[in-house]
Number of protein chains: 2
Amino acid sequence: MTKEKTFISEARREQILQATIAVLNDTGYVKLSLAKIAKQAKISTGLISYHFADKEELIYHTLGYLIRTQLQFIDERVKSETDIYQQLIAYIKATIAYQQEHYQNNVALIEIIFNARTADNIPYYKLNEGEEDPLYLLLESILIEGQEKKIFSSEFHPKATAILINGAASESMLLHSESFDLGNYEQELIKMVTKMVK
Amino acid sequence: MTKEKTFISEARREQILQATIAVLNDTGYVKLSLAKIAKQAKISTGLISYHFADKEELIYHTLGYLIRTQLQFIDERVKSETDIYQQLIAYIKATIAYQQEHYQNNVALIEIIFNARTADNIPYYKLNEGEEDPLYLLLESILIEGQEKKIFSSEFHPKATAILINGAASESMLLHSESFDLGNYEQELIKMVTKMVK
DNA sequence: TTTATTTTTGATTACTTAATCAAATTTTAA
DNA sequence: TTAAAATTTGATTAAGTAATCAAAAATAAA
């Protein structure tokens, strides 16, 4: 169903998408304008409108790209492990690593999620993530599988634990100063999570 | 140093502040305008400019109010406990309770923190919170005191644990659907934290 | 090559925005 | 009461916005 796009059109859309991510990092969502994106990409403003129906479509297209990229990054690292405990560790490490290695993507994602709204005017951050977000589902499935295979304790509640781990891992992105040692935080987080699930 | 304000002026500023919180909840930061705030408060736009130097001052004034109110709410509940473990529990419960009881304040706080920027164009959410945020400091001091008094285990890292608890407690605000039982999550979170610190 | 199609430009449009300000109104002080 | 000060209005201004579109340029097809 996706409209057939030419090679040039796809390349241009990709360029505009990357320019959007750059401008979101520079100026934030509030001051994001087609003029700024055009300037960043060194193209005319009209060209953005030629390739995207409107600003909203551009933002949703960017949002989709950012979510897919992050999921792929983490999923890949989790799936490369066979042991279920190692998968849990991989999930935590990958979540933190993505925030470091793709910092600009992460910032752009935050800018969009905390500003873009659905057609019904509901902001994304209010959206009931737990049910749909594939990242949550991935983490939860690891925890459940670990319990079923008796590798993890049956004491903890998978959903609550998934929320806690995700919250703790995401929180780290908001904390990168000289005085904060992220590597050490990762170690401590793994220790704490291990204590909880084992 | 704070300029002496008349009674009327203070009342009007308070009214405009509350209207700002209401509009932030209705439309979000991106579509926040002086015209909308004026309409909400049933006053003219010029009156906002009379009481606040510019939009920025209004937003920072609102931000300060929201931070102070939340801190006061949680600090009060923590200080009402004498036992250090009970203080930790009170911190978690108060954090979750504030999100429920002052939902609109919480939404407004999120809208501002994820959009407002310092004079140097640094967004608040990128600001190295851990060092300054009094809420973090309160939680960390509880954890440290508990360790010093040998009530808590000496195994865990206070700073990392503070980040984890805060992240887990804040995360809950993003998750309120019919299918999600917040009361149960609070119970589970307390269980997990207890396991970690005891 | 010649023609048709796609892509790109940049000026233009209609609209929204924050901030200003003269004039009107209300409150306070003498 | 009367004058001065504080408060409030709403029209106006200047700057910025997303989107449109005719014309130009580049690319593909015949």
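Helices (H or I, at least four residues) and strands (E, at least two) are DSSP runs, numbered from the N terminus. The structure is a predicted model, in which local features need pLDDT of at least 70, side-chain atom pairs count only at pLDDT 80 or more, and totals for chains, interfaces and linings use all residues. Residues are numbered from 1 along each chain as its sequence is written, while chains are lettered from A and ligands numbered from 1 in the order in which they are written.

A residue is near a strand if its C-beta atom, placed from the backbone, lies within 6 Å of it. DNA strand C is surrounded by 19 residues, and A:Gly46, B:Ser33, B:Gly46, B:Ser49 and B:Asp54 are the closest. Two or more residues each come from helix H1 (7–27) and H3 of chain A, and from helix H2 (34–41) and H3 of chain B. H3(A) gives the largest share, four residues. This surface has six nonpolar, nine polar and four charged residues. Here Ala, Val, Leu, Ile, Met, Phe, Trp, Tyr, Cys and Pro count as nonpolar, Asp, Glu, Lys and Arg as charged, and the others, Gly among them, as polar.

DNA strand D also has 19 residues around it, of which A:Ser33, A:Gly46, A:Ser49, A:Asp54 and B:Gly46 come nearest. The largest share of the surface near DNA strand D comes from H3(B), with four residues. Six of the residues near DNA strand D are nonpolar, nine polar and four charged.

The two chains meet each other as well. Two residues are in contact if their C-beta atoms, placed from the backbone, lie within 7 Å. By this rule, 35 residues of chain B are in contact with 35 residues of chain A. On the chain B side, helix H7 (129–132), helix H9 (158–171) and helix H10 (182–197) each supply at least two residues. H9(B) provides the largest share, nine residues. The side of chain B that touches chain A has 18 nonpolar, eleven polar and six charged residues.

Within chain A, the domain assignment, automatic or from a database, gives domain 1 (1–52) and domain 2 (70–197). Their C-alpha centres lie 29 Å apart. Five residues of domain 1 and seven residues of domain 2 make the contact.

Helix H5 (residues 84–101) of chain A has 18 residues. The expected span is 1.5 Å times one less than the number of residues. H5(A) should therefore span 26 Å, and its end C-alpha atoms are 25 Å apart, which agrees. Buried residues (20 or more other C-beta atoms within 10 Å of their own, with C-beta atoms placed from the backbone) of H5(A) include A:Leu88, A:Tyr91 and A:Ile92. Their cover includes helix H4 (55–79) and helix H6 (103–113) of chain A.

Terms used: Buried ≥ 20, exposed ≤ 12 C-beta atoms within 10 Å, placed from the backbone.
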